[in-house]
Amino acid sequence: MASIAHHDADEFPVHVHHQFEDIEQQNESYIVGMWTFLVTEVMFFGALFLAYILYRWNYQPDFYRVHENLSPLWGGINTTLLLLSSFTMVMGVHFAQLRDRMKVVGSLGATIVLATGFLIIKFTQEWPIKFHEHLVPGPTFGTMPEHLHGASPRAAEIFFSLYFLMTGLHAIHIIIGILIIGVLAGLWHKGKTIVTEDYVPTELVGLYWHFVDLVWIFLFPLFYLIPQ
Amino acid sequence: MSATVVNPGELHEEQEQLNYLTNGKSLKSWLLTGDHKRIAILYLISTAFFFMVGGFAASMIRLELTSPAGVLLESETYNKTFSAHGIVMIFLFLIPSIPAVIGNFVLPLMLGARDLAFPRLNLLSWYTYMLGGILIMIGMILGGTEAGWTFYTPLSSMYSHGTITITILGAFVVGFSSIFTGINFIVTIHKMRAPGMTWFRLPLFVWAMYATSVIILLGTPVVAITLGLVMTERITGIGIFSPELGGDPVLFQHMFWFYSHPAVYIMILPGFGVISEIIANFSRKRIFGYHFVAFSSLAIAGLGFLVWGHHMFISSQSMYQSVVFSLISFLVAVPSAIKVFNWTATLYKGNIRLQAPMIYALCFLGLFTIGGLTGLFLASAGTDVHLTGTYFIVAHFHYVMVGGAITAFLGGVHYWWPKMTGRMYPEKIAQVNALLVFIGFTLTFIPQFILGFMGMPRRYHYYYFAPEFQPYHIASSLGASILAIAFLIPGIYLVWSLFKGEKASANPWGAHGLEWETASPPDTHNFHHIPIVTDEVYDFPGVEYAHPSHGHKKKKGDLTPAGKENH
């Protein structure tokens, strides 16, 4: 395959792929590529936010009533976990620039722990209750009307469709993030030069992770903190 | 682009070395390649295959319409046939054709780069495209979908019984392949230009690909999530777009056209780029108003995102909204007209050579102008209410898509064929064939404008209520037969030329551009040393056409080998 680097290892301590002139060009390309990818992600979530805006506009009173099913406490704890994980990610990138291997591994490990905590709360404390209360869109939706808090079942179903679609898509991004950070931490732990000689790979993962956190910063108030 | 490190003598030796086609002959070396040129060839073969599938569906449509009562197909089968035609042609041919085939091949060469920035992502793009294509084919074989290529809800989400879920999944997957290509192009254009290749020395094809990539990046994710929602509705029964469940089907149309109107520019902007190259090089003149042509591509990309509502003049959209969308739609005509006028001005006093690519380019100028001007009829909300849903609209977008995009694609394939394969195509047949495309196309679609004005609705497979339409339909079907032949002939002679064609020199057209400064076909790494660009774009030195290959090159000595400058 032509894309394998053919430069001598001692000439270039860092992997420079054959299509690039030097490490600066390669790193700049990676960073532009990551930002470009994040633009597509913004548009990807953006379409769902558009749908949310339309139905919030149409069904504001119902959205207010039915949102009381969501626990702002768990949502707030999860927001805190993700904000902390962004902080540990920043520290990871910082230590990567200093090439402090063990501190990078520690920071990335802490990020994984916090992100996993987020998922555990979501999948044990939040989603299962919706199944018990028949608030998952489908044939049985709204068969326990007391949990609708007086909202119209149709509007409430739209609310929970959007809730599961948007937080679900976000959760998929968190899971992918955990896997990527896990691989990165593993490479740092083994001291592989592909990550240790240059901080850019760590920086790229950091950019992705901050994007995922940022999406949650919007999702949390839109679903958990609807004003009357 | 006078500066290059290959002089004629070196070039000769180079041609005896391995080029990208001969460097590795196994199937594996093709299927696991990272080389943008090989991936372009993979895309060329696969898009040509899907073009034939879509073309077959088109022939069935034209056959069916030769009689007022229908000839062959039942209503539902007819719906599935035109849906298949639209889905295959748009998602599997028009969107990837010029960017992924011609763009993939020539973009790095034009920039003086060894490859795209992310070769493996490029290969992944082809596999993603093939996966999506296979899913769409499976959907067609298992029963097909009758909801049209637009997948309007609630027909697609609730009522359609075909295998629509798998078809939509295919379109969803194909979207990611264009996103990968778009990311690759943007990064490559920003970061991999050769030294001296400033933004305003970029060939206009590169500007067009840049604008296209911007649209791909901003639009495709939106249609992906929209199609994803339709799939989710079909699978889980939620009702984001279903009125019975509290959803809004018009939201689907907004989200769909937010991508799919700009997608029209994904199909035509690359064509503009190809035409700019061909017209400049076959007139041997710098393109008139280079900056205007370059920025008009970006203007079209920007305005293209603000006009989607003109697809919804009769979809319960408010009148005031329609007025605004109508006005902005008119504005798109401005950058499009800038391009047409500037191409025409480039021809003026140019040293024009009517070789096959140029004939295609001139056909494009005429056909695209008609396609664009009839677009204004449809942008004006009042006339559109009368014309929407008729054959007028069918004729309009075929003028842009076939008369524009496919003509440009054929012109581009002919123009870069010597570079891609190292062989010349047979010129005389190609010239005659280009005229045949024009005649067949015009005969197919001019009658459809008239039919549409008379009131023939689109998507109907009979018109027994108006037998006076029949002569126009027969003329159209006759034209379609000529067009089908005119599309088959290049397939035959281009393949023939691979074995028997005359060997091409590095620059058989006497064209100006970095891609013509490397061997035909180029070697795997494109350039032995990264070139340094010292002259302006389309800067023809006025050398006569007789010995085009190397006549106007000035050799620059003393270049540092690639990859060593900073170490």
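By how much does α4(B) bend at P96(B)? In this predicted model, the bend there is about 60°. The helix covers residues 75-111 of chain B, and at 1.5 Å a residue its 37 residues should span 54 Å. The C-alpha atoms at its ends are 51 Å apart, which agrees with that expectation. Most of α4(B) is covered, with 33 of its 37 residues buried. The residue that follows α4(B) is G112(B), and its phi is positive, near 75°.

Helix α11 of chain B, residues 319-347, has 29 residues and reaches 43 Å from its first C-alpha to its last, close to the 42 Å expected at 1.5 Å a residue. Its buried residues include F325(B), V332(B), K339(B), V340(B) and W343(B). An α-helix has 3.6 residues a turn, so residues three or four places apart point the same way. The partners against which the buried residues of α11(B) pack are α9 (249-283), α10 (290-304), α12 (356-379) and α13 (381-387) of chain B. Just after α11(B), K349(B) has a positive phi of about 60°.

Most residues other than glycine have a negative phi, and most peptide bonds are trans. The bond between T153(B) and P154(B) is cis, with omega about -5°; P154(B) sits in the loop between α5 (119-141) and α6 (155-159) of chain B. S520(B) and P521(B) are also joined by a cis peptide bond, with omega about -15°, and P521(B) belongs to the segment after α16 (470-500) of chain B.

R459(B) is found in the loop between α15 (427-454) and α16 of chain B, whereas Y538(B) is in the segment after α16. Their surroundings can be read from neighbour counts. R459(B) has 14 other C-beta atoms within 10 Å, so it is partly exposed. Y538(B) has 24 C-beta neighbours inside 10 Å and therefore counts as buried.

Chain A has seven helices and zero strands. Its C-alpha trace spans about 70 × 30 × 30 Å along the principal axes. Of the 228 residues in chain A, 39% are buried. Among its contacts between residues at least 6 apart in sequence, 70% join residues at least 24 apart. L179(A) is in helix α5 of chain A and is exposed because it has 11 other C-beta atoms within 10 Å.

Confidence in chain A averages a pLDDT of 90, and 94% of the residues score at least 70. Over residues 1-11 of chain A, pLDDT stays under 50, and the model has 22 contacts beyond four places in sequence for them. Where pLDDT is low, the predicted coordinates should not be read in detail.

The two chains meet through 33 residues from chain A and 42 residues from chain B. On the side of chain A that touches chain B, the elements giving two or more residues are α1 (23-58) and α5 (153-190) of chain A. The most comes from α1(A), with 17 residues. By type, the residues on this side of chain A are 16 nonpolar, twelve polar and five charged.

Technical notes: Residues are numbered from 1 along each chain as its sequence is written. Chains are lettered from A and ligands numbered from 1 in the order in which they are written. This is a predicted model: local features need pLDDT of at least 70, side-chain atom pairs count only at pLDDT 80 or more; totals for chains, interfaces and linings use all residues. Helices (H or I, at least four residues) and strands (E, at least two) are DSSP runs, numbered from the N terminus. The expected span of a helix is 1.5 Å times one less than its number of residues. The bend at a residue is the angle between axes fitted to the seven residues ending there and the seven starting there. A residue is buried if 20 or more other C-beta atoms lie within 10 Å of its own, exposed if 12 or fewer, and partly exposed in between; C-beta atoms are placed from the backbone. Two residues are in contact if their C-beta atoms, placed from the backbone, lie within 7 Å. Ala, Val, Leu, Ile, Met, Phe, Trp, Tyr, Cys and Pro count as nonpolar, Asp, Glu, Lys and Arg as charged, and the others, Gly among them, as polar. pLDDT is the predictor's confidence in each residue, from 0 to 100.
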